[in-house]
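Subject: Handover of a structure and findings

Dear colleague,

Please find below the structure that I am handing over to you.

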Amino acid sequence: MLVLALDTATPASTAALVEVTADGLRGVAERRTVDPRAHGEKLAPEIAATLADAGVRPGDLGAIVAGLGPGPFTGLRVGLATAASMSQALAIPAYGVCSLDALGRAAGPGRVLVATDARRREVYYATYLDGVRVLGPDVARPADVAARLLRAGVATTSRARNRAATEAAALAESETLEAATALAGADAARVAAALARAEADYLIGQATARDDGIDLTGREVPGRSSAVGHLVDRAVGEGALKYGDLFGVPVEEHLLYPPGAALVALAADRIRSAAPSDPLTPLYLRRPDAVEPSGRKPVLT
């Protein structure tokens with residue numbers, strides 16, 4: 001079956017033709033143009049050129065796979081609207097996949113950070129282990145990515161330490177109260193208990209506020225390095241290339257945009273089983289700039 005893959009979630013618009021067989025995939029043709037302001041102008045000619053390169057017509061297609069993002073609103077909707085329109089016109093199913101997942105799958109084995117440019121000095125990012133997503137997708141400033149990854153990585157340990165601290169503090173308060181009651185009576189015991197609770201709060205606070213250098217309360221720790229070298233082995237995506245000096249890991253410059261074959265691979269099981277079309281819901285991850293007006297402005301004063 002011939003499958004058309006489309007992605008406009010990054011500055012590149014991609015059209016690829018992939019053959020899906022019972023036991024594998026074969027890339028047939030692919031066109032890509034990198035221009036963040038020309039998705040609408042470039043995608044349709046790329047589709048036509050890709051099909052012409054393979055010597056096939058739109059009627060020969062059996063399915064369409066579209067990258068859902070995350071990505072900027074304007075570019076992302078071009079690919080999704082095109083995929084949905086072609087799906088309806090050709091009466092073939094359309095399937096959506098996360099665009100970052102395609103980069104993560106194409107990156108192969110190991111611990112990989114995928115980062116694409118989200119503009120506004122931010123990146124869309126996710127992490128992968130052997131091609132399978134572990135964390136994300138999300139959007140953040142490059143300098144904050146390492147802290148978020150490390151916080152997520154130590155969350156389970158931190159919760160366990162906090163529970164242990166809480167139990168120890170409760171036991172200390174109980175023992176202090178019991179001893180004070182026996183030695184000095186109830187009034188003195190209440191004073192001692194208040195002191196014990198203050199000590200317990202201090203112990204719990206120490207366990208909660210800091211864990212392996214990570215502030216679990218959400219406050220930023222001054223002077224923390226933004227490098228993610230101890231968390232991932234390498235990075236892919238044009239966002240990783242743009243902010244590579246901050247991430248501090250090797251960047252695979254040949255893998256900056258979602259490959260068509262990887263997009264199709266993520267939907268291969270649905271394609272082979274002839275599953276019904278997916279709702280092509282975009283992953284925007286942040287609110288649009290446009291907002292409804294709060295009220296009408298007076299014309300006359």
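The notes below describe what was found in this structure.

This is a predicted model, in which local features need pLDDT of at least 70 and side-chain atom pairs count only at pLDDT 80 or more, while totals for chains, interfaces and linings use all residues. Residues are numbered from 1 along each chain as its sequence is written, and side-chain values use heavy atoms, with hydrogens and water left out.

I begin with strand β1, which covers residues 2-7. Helices (H or I, at least four residues) and strands (E, at least two) are taken as DSSP runs and numbered from the N terminus. Six of the six residues in β1 are buried; here buried means under 20% relative accessible area, exposed means over 50%, and partly exposed lies in between (1.4 Å probe, protein chains only). In a regular strand the side chains alternate between the two faces of the sheet. In β1, both faces are covered: L2, L4 and L6 are buried on one side, and V3, A5 and D7 are buried on the other.

Two strands are said to pair if DSSP finds at least two bridges between them. Strand β2 (residues 12-21) pairs with β1 in the antiparallel sense, over six bridges. The two are joined by a hairpin of four residues, and A5 stands opposite A16 in β2. Strand β4 (residues 61-67) runs parallel to β1 and is joined to it by five bridges. In that pairing, L4 has I64 of β4 opposite.

**The open sheet**

An open sheet is formed by four strands in the order β8-β7-β6-β11, with mixed pairing. Its edge strands are β8 (132-140) and β11, each of which pairs on one side only. On average, neighbouring strands of this sheet are turned by 20° against each other, direction ignored. For such angles, axes are lines fitted to C-alpha atoms (for helices over the stretch in contact), and angles run from 0 to 180 degrees between N-to-C directions.

Within the sheet, strand β7 (residues 122-129) and β8 run antiparallel and are joined by six bridges. L129 has V132 in β8 as its bridge partner.

**Salt bridges**

A salt bridge is counted where a side-chain nitrogen of Lys or Arg lies within 4 Å of a carboxyl oxygen of Asp or Glu. By this rule there are 10 salt bridges. Side chains of opposite charge can pair when their charged atoms come close. Three of these pairs are described here.

D233 and R111 form a salt bridge in which the closest N and O atoms are 3.1 Å apart. This pair links distant parts of the chain: D233 lies in the loop between β10 (214-215) and β11 (234-236), whereas R111 lies in strand β6 (residues 111-119), 122 residues apart. D233 is partly exposed, with a relative accessible area of 39%, and R111 is also partly exposed, at 33%.

R141 and D144 meet through their side chains in a salt bridge, at 2.9 Å from N to O. R141 is partly exposed at 45% relative accessibility, whereas D144 is buried, with a relative accessible area of 16%.

R270 forms a salt bridge with D278, and the closest N and O atoms of this pair are 2.3 Å apart. R270 is partly exposed, with a relative accessible area of 25%, and D278 is partly exposed at 23%.

**Backbone details to inspect**

Two cis peptide bonds may be of interest. One joins G69 and P70, with omega about 10°; P70 is placed in the loop between β4 and α2 (73-90). Another runs from G136 to P137, with omega near 5°, and P137 is found in strand β8.

Positive phi values also occur in residues other than glycine. R119, in strand β6, has phi near 65°; R119 is partly exposed, at 42% relative accessibility. D130 has phi near 55° and lies in the loop between β7 and β8.

Yours sincerely
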